[in-house]
Amino acid sequence: QGVKKNSEEAYKWYRKAAEAGFVIAQFNLGLMYEEGHGVPKNILEAVKWYRKAAEQNDPVSEMKMGYLTAEGIGIKKDYREAMKWYRRAAEHGDDKGYVNIGILYAQGEGVKKDPNRAVQYYIMGAQKGEAKAQSLLGTSYALGTGITQDNEKALYWYKKAAENGNINAMKELGHIYETGRLGVKKDLDEAERWNTMAKKAEEKR
């Protein structure tokens, strides 16, 4: 009961602040509507408030708008529009925007499929420390997709991604050392180390 009352109180404050144009309040209000905290779940209202915050150049809200638009949640599915939001998010400092732009180019969603451009965006994200971009860059080098195949660089980026907490990269490294892929010597101890790290990271989720 106490939690419900607190949520309702929070909603009142956020609503007031959001209507006064405060970005963080607008985002939080969107979140409350999306998750049904302190207010009945309403994805259309959530989108309305996320959009207001995004239009004030809030990168987290821009990412949210990109995701909802790409998935068609509470808004018409439109990959081009999603790309626009991801670009804005990246420009305003959310480096995950680069990753998502890269993925849209890799899959040819809303744009012509272009593995080379996808890799350029992974590189931008990877250089800024974005773990998912580092992992995707590792895969691009491993397979030679959109960039010249390079075992050493693939390993380098997988390790960077894994050190930054990317579970896929940890699993990939486990598999690489188990099988001796990418020119590495088979090393079951090293494989076990990465697999254990992946398992622990998954348990923490």
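Trainee: Which residue with a positive phi follows H5?

Mentor: Good place to start! This model is predicted, so to speak of local features we need pLDDT of at least 70, side-chain atom pairs count only at pLDDT 80 or more, and totals for chains, interfaces and linings use all residues; residues are numbered from 1 along each chain as its sequence is written, and side-chain values use heavy atoms, leaving out hydrogens and water. Helices (H or I, at least four residues) and strands (E, at least two) are DSSP runs, numbered from the N terminus. After H5, a positive phi, near 105°, belongs to Gly93.

Trainee: How far apart are the end C-alpha atoms of H5?

Mentor: H5 covers residues 79-91, which is 13 residues. The expected span is 1.5 Å times one less than the number of residues, so it should be 18 Å. The model agrees, with the end C-alpha atoms apart by 18 Å.

Trainee: Which residue caps the N-terminal end of H5?

Mentor: Look for a polar contact, a pair of N or O atoms within 3.5 Å; within protein, one must be able to donate a hydrogen and the other to accept it, and residues adjacent in sequence count only if both atoms are side-chain atoms. The backbone nitrogen of Arg80 lies 3.1 Å from a side-chain oxygen, and that oxygen belongs to Asp78.

Trainee: How many residues does the largest nonpolar core have?

Mentor: A nonpolar core is a set of buried Ala, Val, Leu, Ile, Met, Phe, Trp, Tyr and Cys residues joined through side-chain atoms within 4.5 Å. Tyr86 is among those with the most contacts inside the largest one, and its partners beyond four places in sequence include Met63, Tyr67 and Leu104. The number of residues in this core is 41.

Trainee: How many helices does the chain have?

Mentor: The chain has 205 residues, of which 43% count as buried. There are zero strands, and the number of helices is 11.

Terms used: Buried < 20%, exposed > 50% of the residue type's maximum accessible area, 1.4 Å probe, protein only. Contact = heavy atoms within 4.5 Å.
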